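Subject: Structure handover

Hello,

Please have a look at it first and then read on.

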Amino acid sequence: MSLAQVSNHHFLIRRVHSLLGLVPIGFFLTFHLFLNLTALGGPKQYDLVINTMQSFPGIFIAELIVIFIPIAAHAIYGTWVVYTGQTNVLRYKYARNWFYLIQRISGLYTLVFVITHVYLLRFGEANFATLSEFMSQPLGLSFYVLGVLLAIFHFTNGLWAFAITWGLTVGPHSQRVWLYTLGVIFVLMSVIGMADIFAFLK
Amino acid sequence: MAEQKKIQIKIRRQDGPNKPFRWEEFEIPYREKLNVISCLMEIQKNPITASGVKTTPVVWECNCLEEVCGACTMNINGQGKQACSALIDQLEQPIVLEPLTKFPIVRDLMIDRQIMFDHLKTVHAWIPIDGTYNLGSGPRMAEVKRQWAYELSKCMTCGCCMEACPQVNPRSKFIGPSAISQVRLFNAHPTGEMNKHERLSALLDEGGIADCGNSQNCVRACPKEIPLTTSLADLNREANKFAINRWLRK
């Protein structure tokens, strides 16, 4: 391989895929979880917040560029990444090997969840009542609880690999410290996510 | 007289590439301190299965018998390891022997590891010092650097990390942790460093460093305890710097 030969865009695509997981998707997820806490104030307050958000000028363009395109790109390429892996957790039963598998399962589940979530709310009636009704069914509720938890897992566990991909945590010790830190972040975000869901159960 | 203790071994047999496989069970009189190789040698002397059927001797590879060449690597009770350092007294019976699954089978437990050597060529895992005149002595290597680089040089291309890696499979072109770790070894060498751009450039391609899935099985599976995941993370950093730098100067 000579220097003159320009490598294909494989490396770039993989790095963009990694970056998109945090910027903007991870930031959007965090913002989204926090914003939905307003539902704890009741249907009136929540619907007001949603209406305010949707009345921003150019919200459609912003959603397209900051949310839809990055998530679609991350999901499409991520599905390819899942296809190129071959789990062996039954032979090599290490925790990290399980995390490798759960990262892929949670990614696929989150994709199904997000599509349903968007179909239900963004193209349907986006208000407190729609969500409240969906989650009043046990199946709808478990679909949401699992979706929120797995999305947060995919984000926090993804951040663990992100730190390796970008060469930040090189040795096993720093990787372990980052793992525990992310464990705490996972719990905190999950509490917020569950509070969001709880708000719609009243 | 008390019945003599036996060693039970179950082997996945295959007469050649693209031939069907079968399982054969063997029983060997117990002796202390045997390893898997000495059991295979017993079977070779008297190739009769546990049920008394005459069969062909089992084919396997071995060389050094001291866990430095990697030739006898096979799946022992589901884990890739060297048959020479796999001690019977430490294994659960029946001992299940299978060939490595990530390489083409030649026969029985013998596989073709050529692909690992091809990967070493892909990443330029050597130091080019050939020339038309005497190049003289090279730059000195710092002792602290030599010490950790020595650990990386213990790689014997046995394939345990490839076997354990979920990213090494027919659907992926990933070259695996061992070849990538060798890039770190040769880039650490003061003379090898002069060609590090060639090795890093190779790592950016499909099947290179970006295809690592961070399952970290490799570092657990490595019989030489090479810090493979540290090598991978370190080269992630180097590859990022290299790729950005190359693009900015284009």
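How many residues of chain A are in contact with chain B, and how many of chain B with chain A? The answer is 29 residues of chain A and 31 of chain B, where a contact is two residues whose C-beta atoms, placed from the backbone, lie within 7 Å.

Before the rest, a word on the source. This is a predicted model, in which local features need pLDDT of at least 70 and side-chain atom pairs count only at pLDDT 80 or more, while totals for chains, interfaces and linings use all residues. Residues are numbered from 1 along each chain as its sequence is written, and chains are lettered from A and ligands numbered from 1 in the order in which they are written.

Back to the two chains. On the side of chain A that touches chain B, the elements giving two or more residues are helices H1 (10-35), H4 (95-121) and H6 (138-165) of chain A. H1(A) gives the most, with 4 residues. Helices (H or I, at least four residues) and strands (E, at least two) are DSSP runs, numbered from the N terminus. By type, this side of chain A has 12 nonpolar, 13 polar and 4 charged residues; Ala, Val, Leu, Ile, Met, Phe, Trp, Tyr, Cys and Pro count as nonpolar, Asp, Glu, Lys and Arg as charged, and the others, Gly among them, as polar.

Chain B is divided into domain 1 (6-111) and domain 2 (114-248), with bounds from an automatic or database domain assignment. Their centres, taken over C-alpha atoms, are 31 Å apart. Between them, 12 residues of domain 1 are in contact with 12 of domain 2, and strand E4 (residues 79-82) of chain B gives the most to the domain 1 side, with 3 residues.

Leaving aside neighbours within four places in sequence, the contacts of Ile180(B) include Ile175(B), Leu203(B) and Leu235(B).

Best wishes
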